[in-house]
Amino acid sequence: MMNVMRTDNITMQFGGLTAVKDFNLELNKGEIVALIGPNGAGKTTAFNMITGVYTPTGGKVLLNQKSTVDGKDVYNEKDITGLRPDQITKLGIARTFQNIRLFKDLSVLDNVLIANHLRISSNVFESIFKLPRYKREEKQMVEKSMNLLEKVGLADSRYEKSSSLPYGQQRRLEIARALATDPGILLLDEPAAGMNPKESDDLTIFIKRIRDEFDLTVFLIEHHMQVVMGISNRIYVLDYGITIAKGNPYEIQNNQRVIEAYLGVDEDA
Amino acid sequence: MKRNTIYTGTALLLLFVFVYFANKHLDSYLLRILNLCAIYTVLGLSMNLINGFTGLFSLGHAGFMAVGAYTTAMLTLPIATKQMNFFLAPLISPLDKIVWPFLPSLLLAGVLAAIVAFLIGAPVLRLKGDYLAIATLGFSEIIRVVFTNTQTVTNGALGLKGIPATTNLWWSFGTAVVTIFIMVSLINSSYGRAFKAIREDEIAAESMGISLFKHKVLSFAIGAFFAGIGGGLLGNLMGTIDPLMFRFFMTYNILLIIVLGGLGSVTGTIISAFIITIAQEFLRFLDEPIIPNIPALPGLRMVVFSILLMLVVLFFRTGLMGTREFSWDKFFGFFKKRPLSNGGAK
């Protein structure tokens, strides 16, 4: 198995508070990895450090990039610590948000089209005067976006305002939008939040499907244990910013520290 | 699609005929109002790109207009008039020998305004909301103060007089039409979508790979470019400019237009630019004594607009058009009433 991304002891301190301490993550190609932990454990902070929203106060985020030299694939690690979110997205790490962050007033199609913009090579003059290169790119963008919308089952509502979609579909649109940036790694922040058991089952199948179809590595934060256990190859558990366990779902379910973190410790014992 | 192109062509032709006859038969007062309508359309669109489409609350428009107006005036003033204007301190070389035609002067005015916008935008556009508004407002005041004190370049507080009155209906409406086409094309392009994404949600836009800095500065500079051109047109319409013309009041006027028209609507801005410019003339009687024996209240006219702005902001926040736009399909759909059973409107 090949490593696509890893973090080397990333730490995030807000003043005197250490939100995440020495977090070491390793993602292998094609894996689905989950990050769990009680509320306030620092899961989203870890996400934000990887995606560039926060710059870690310590440690490094390293992306394993493939390049071709003399017809051979060469891998080398690139330090992406402290890059801006848009630069990191360009390098192939896309994300969704815990509280859905769609472009609410724009149409479903526009939401996905916007995520294509980062790969545009036409400049603003070519775009204004609709020169051939821009026209070609625009056509490709629309085709690709429609393709994505069809895959997530939203093609029929492409002209609707994104905020008018039902909750579950908004989640799917957010994933489609992230996929439009051509990521290699997809980070999902609580994709099943607010979903009923039926919807979360569908989501589990959906995430596995897009992983295979788009050749992705998925890293997700989730609270629904049903989803987490059903989907993940490996799980990391955070509590008060410290990694208290990592391993496959079976190991995690039987880990004493994880059970304590979730259920509390009997003080009298 | 093709049908709509024909409609647009016809509308342009009608506008052409209208301008032709208006130029010949209307008196100078009406011509002045029509010119102002078109110029305010250009200015409104340029500010709406920044404030309405990209969501940057900028109040620096008068500054960009001043740059444009002074550039155009300095380049188009005849040499003799320049010497007459600069009697306190002589104009520096080589400006005292340069006389350019109107079009290149206007374009350079736009380019200079855009460069100024880039220089000011680079540090200031990191700010958000109210802070950006304060910083840009301060910037436009700085420009005004600089222009007041650079006696050898701008003639300082004396202003410039005798600017050739080149701006006529052809220039103003021509510029307005070109601006409308460029703006509509821009905001419907991939870059325009990126601007709107920044307006909707900066964090999400950045996470989708849109460089906030690059696109904010781009929008700011393009907006300033047209503000500079609008300023240039205005200066060469008035015939005289001075730094006091470009106080906050100027920015407020344009802000009024885009808020009433709808932040984020080209159509709304155009309609509102015409309505407000015409209404400002139409309501002039309010500044004169209305009731006998009660002295006139100069400025009462502007109170009307301030109240209007308050009402819009309080009760009708989307303005005239919201973010909706005119399209031929909607236009004809409005007249062609479908039967109610087919989903037609009442």
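Predicted model: local features only at pLDDT ≥ 70, side-chain atom pairs only at ≥ 80, totals over all residues.
How many residues of chain A are in contact with chain B, and how many of chain B with chain A? I found 32 residues of chain A in contact with 26 residues of chain B.

**Entry 1: the interface**

The size of an interface is often given as the accessible area lost when the parts come together, and I looked that up next. Chain A and chain B bury about 2,500 Å² between them, and 63% of this area is on carbon and sulfur atoms. On the chain A side I asked which residues lose the most area to chain B. They are Phe103(A), His117(A) and Ile128(A), and together they account for 24% of what that side buries.

**Entry 2: a cavity**

I then searched for cavities of 30 Å³ or more and got one. The largest cavity holds about 40 Å³ of space. Which residues line it? I noted Thr51(A), Pro85(A), Ile88(A), Thr89(A), Ile93(A), Ala94(A), Arg95(A) and, from chain B, Ser207(B). Helix H2 (85-90) and strand S7 (93-95) of chain A each give at least two residues to this lining. By class, the lining has four nonpolar residues, three polar and one charged.

I located Thr51(A) in helix H1 of chain A. Its relative accessible area is 4%, so Thr51(A) is buried. Leaving aside neighbours within four places in sequence, Thr51(A) is in contact with Pro85(A), Ile88(A), Ile93(A), Arg95(A) and Leu187(A).

I looked at Thr45(A) as well, which is found in helix H1 (residues 43-51) of chain A. Is Thr45(A) buried or exposed? At 12% relative accessibility, Thr45(A) counts as buried, because the cut-off is under 20%. Not counting residues up to four places away in sequence, Thr45(A) touches Met12(A), Phe14(A), Ala19(A), Val20(A) and Tyr54(A).

**Entry 3: helix H7 of chain A**

Helix H7 of chain A has 18 residues (197-214), which should span 26 Å at 1.5 Å a residue. The end C-alpha atoms of H7(A) are 26 Å apart, so the two agree. The buried residues of H7(A) are Ser200(A), Leu203(A), Thr204(A), Phe206(A), Ile207(A), Ile210(A) and Arg211(A). An α-helix has 3.6 residues a turn, so residues three or four places apart point the same way. I kept that in mind while reading the list.

What do the buried residues of H7(A) pack against? I listed strands S4 (32-36), S8 (185-189) and S9 (217-221) of chain A, along with helices H5 (132-151), H6 (167-179) and H8 (225-231) of that chain. After H7(A) comes Asp215(A), with a positive phi near 60°.

**Entry 4: positive phi in two loops**

Lys130(A) is not a glycine, yet its phi is about 50°. Lys130(A) lies in the loop between H4 and H5 of chain A, and at 31% relative accessibility it counts as partly exposed. Asp182(A), also not a glycine, has a positive phi of about 55°. I placed Asp182(A) in the loop between H6 and S8 of chain A. Its relative accessibility is 41%, so Asp182(A) counts as partly exposed.

**Entry 5: helices of chain B**

Helix H8 of chain B (residues 169-187) has 19 residues and should span 27 Å at 1.5 Å a residue. I got 26 Å between its end C-alpha atoms, which agrees. Among the buried residues of H8(B) are Leu169(B), Phe173(B), Val177(B), Ile182(B), Met183(B) and Ile187(B). The cover over the buried residues of H8(B) includes helix H4 (124-128) of chain A, together with H1, H2, H9, H11 and H13 of chain B.

H11(B) has 27 residues and reaches 38 Å from first C-alpha to last, close to the expected 39 Å. It is mostly covered, with 23 of the 27 residues of H11(B) buried. Gly239(B) follows H11(B) and has a positive phi near 85°.

**Entry 6: Thr54(B)**

Where is Thr54(B)? I found it in the loop between H2 and helix H3 (61-76) of chain B. Thr54(B) is buried, with a relative accessible area of 1%. Thr54(B) and Ile198(B) are 144 residues apart in sequence, but 6.0 Å apart in space, C-alpha to C-alpha. Leaving aside neighbours within four places in sequence, Thr54(B) is in contact with Leu49(B), Phe195(B), Ile198(B), Arg199(B) and Ser219(B).

How values were computed:
Residues numbered from 1 in each chain as written. Chains lettered and ligands numbered in written order. Heavy atoms only, no water. Helix = DSSP H or I, 4+ residues; strand = E, 2+ residues; numbered from the N terminus. Expected span 1.5 Å × (residues − 1). Buried < 20%, exposed > 50% of the residue type's maximum accessible area, 1.4 Å probe, protein only. Contact = heavy atoms within 4.5 Å. 1 Å grid on protein atoms, 1.4 Å probe; cavity = no way out; pocket = protein on both sides within 12 Å on 5 of 7 lines; lining within 4 Å. Points joined across faces, edges and corners; volume = space filled by probe spheres on them. Nonpolar A, V, L, I, M, F, W, Y, C, P; charged D, E, K, R; others polar. Buried area = accessible area lost by both parts, 1.4 Å probe.
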